[in-house]
Amino acid sequence: MKTVKKVLVSILAAVVLLAGSIGGALSANAEAKAYDQKLLIDNADKTDGWFGTTVTVKTENPAVEGSAYLQAATVDDLGSAVLARTFDPPLDLAKYSSEGYLHIWVYVPDNAALGAGCIELSSSGTPDGAYIWNLKDYVTDTGWNELYLPVAGAAKGTADFSKINYFRMYAAAQTGLGLDDMYMCLEAEPNTNPSDSSPSETDPSGTDAKPTLPTNITYGSKLNIDTGDKTDGWFGTEVSVKTENPAVKGGSYLQASGVDDLGSAVLARTFDPSLNLSKYSKEGYLHLWIYIPDKETLDAGCVELASSGTPDGAYKWNLKDYVTQAGWNELYLPVAQAIQGTADFSKINYFRIYAAGQEGLGVDDIYMCLAETGKVPDTGISTPVFVWLLLMAAGTAVVFLALSRGLSRRFERR
Ligand SMILES: [Ca+2]
Ligand SMILES: [Ca+2]
C-alpha cells in the first residue's frame, strides 16, 4: 500500500518534471531564459583549437548561433563521435565554479541510439580530473538540444575552474554530432518585487523530501571481484593491507595512505584475465565497502570500472552521491545510474577509486550483485539513492527517466 502510494507520488512528480522539461524545450531561445552574466567559450564558427573525429565547420544545416556550427563527421575506434578543444591561454571560469552553468547547443543525430556520452571540462589539458555531465541526463530530442549544464550537478573532478583548458564532448553511435554557442552563465537574480516572489519555502511533501527506506531487500547472484585482503594487482597512492582498523570482510582491507599530485587518494587495480560482468551490465550493482577518513572534505571522488586497462571509457559513480558518513560506508552502486562510459562489461579489466583529500581511504569486499525483492529483511541498504532506483524499478520507463531528471534538478538547487 505504501509502495503504491510512493509510485503514484513518483508518477505525479514525473508528470510535473516532464511538463517542466517540455516548457523548457519550447522556450528554446536562450535570451528568453532567466540566465545572465554570460562568458563566451566558443561560438563554434571555426575549427581553431579543435580536434576529435573529423571536426568540420558546417553551414548547411542551420546553425543556432552565427553562421556555422561544428560537427564530428566520423567516429573513433570505440564508435564515438568526439568534439574536443584546448584553450591557450586557459579560461578563468572561477565565477561559475559553484552556481554556474555550461550552456551549449548539441546536435544529436539519433536520440534513440544515444548511449554512452559525456561533456567534460578540465584544467589538465586532458580528460583527467574533468567535471563530467552525462549527455543522456540532459538531451531530450533528436536534432538540436539547448543544454544548461549545472556545475553543481556535474560528477566532480579535480579541475581548477580558474584555469580551464580542455573541453570534450563524445557520444557513441552519433556520427554527425554537432555543437554550437558554448558559454558559461549564471541564473539571473530572482525578481526582487516582494509581491510576486515565488513560494520557495521548503515544502516537506516536495521533491526534496527523502523517501523512507524499505527494508525487505536482499541481494543475490554475487560475483566476487576482490576481497581486499592482499595487494596483488593493486596500485595507487601507497596501497597497503590493513588489519588494525577492523576490516569489514575477512580480517583485512586495502588502504591508500598517501595522495597523488592532485591531492587524491587512489586505489586502483587491473584484472588479468578480465572479468565477464555482462550479467550485471543493466540491472546489476557494484557492491563495496569504502572507508572515508573525513566526510566533510570529500568533494571530488569517483568509483570507476573500465575495459580499457585505464580510466578511459569507464563507468563512473560520484562518491558524494553515495557516501553518507565518515568511516565505513557500504555502497550498492547501480550500474544503471552510473555515468555511462564505453566500457564493455564482458571484459572489465580496470577498477579505480579516487577521492580528494582522503589519506587513509579504504576499500573492502568488492563484488557485483543483483537485487532480489521480497526476501528476508536486510538492513544493508546504504543510501537513499538506492531507494530512488527501487521506485524506478516499480514504475514505468517514463518514471525512470523523469526521476533521473529529478535527481539532476535537486543537484541544480544546491
Ligand atoms: Ca556558431
Ligand atoms: Ca577483506
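## Exercises on a predicted model

In this predicted model, five strands form an open antiparallel sheet in the order β2-β5-β10-β7-β8. Its edge strands are β2 and β8 (131-134), each of which pairs on one side only. From one strand to the next, the twist averages 15°, where axes are lines fitted to C-alpha atoms (for helices over the stretch in contact) and angles run from 0 to 180 degrees between N-to-C directions.

Residues are numbered from 1 along each chain as its sequence is written, and chains are lettered from A and ligands numbered from 1 in the order in which they are written. Local features need pLDDT of at least 70, side-chain atom pairs count only at pLDDT 80 or more, and totals for chains, interfaces and linings use all residues.

**Exercise 1.** Determine how many bridges join β2 to β5, and which residue is the bridge partner of tryptophan 50.

*Solution.* Step one is to recall the terms. Strands are DSSP runs of E with at least two residues, numbered from the N terminus; two strands pair if DSSP finds at least two bridges between them. Strands of a sheet pair through backbone hydrogen bonds, either parallel or antiparallel. Step two is the count: β2 (residues 50-52) and β5 (residues 80-91) run antiparallel and are joined by three bridges.

**Exercise 2.** Describe how β10 pairs with β5 and with β7.

*Solution.* First, eight bridges link β5 to β10 (residues 164-172) in the antiparallel sense; here leucine 83 stands opposite methionine 169. Next, β7 (residues 117-122) pairs with β10 over six bridges, also antiparallel. In this pairing, glycine 117 has alanine 171 of β10 as its bridge partner.

**Exercise 3.** Decide whether alanine 268 is buried, partly exposed or exposed, and name its contacts.

*Solution.* First, locate the residue: alanine 268 belongs to strand β16 (residues 264-275). Second, apply the cut-offs: a residue is buried if 20 or more other C-beta atoms, placed from the backbone, lie within 10 Å of its own, exposed if 12 or fewer, and partly exposed in between. Alanine 268 has 19 such neighbours, so it counts as partly exposed. Third, list the contacts (C-beta atoms, placed from the backbone, within 7 Å): leaving out residues up to four places away in sequence, alanine 268 touches Trp234, Phe235, Gly236, Phe351 and Arg352.

**Exercise 4.** State where pLDDT stays under 50.

*Solution.* pLDDT is the predictor's confidence in each residue, from 0 to 100. It stays under 50 over residues 1-33 and over residues 191-217. The chain mean is 78.

Technical notes:
Helix = DSSP H or I, 4+ residues; strand = E, 2+ residues; numbered from the N terminus. Contact = placed C-beta atoms within 7 Å.
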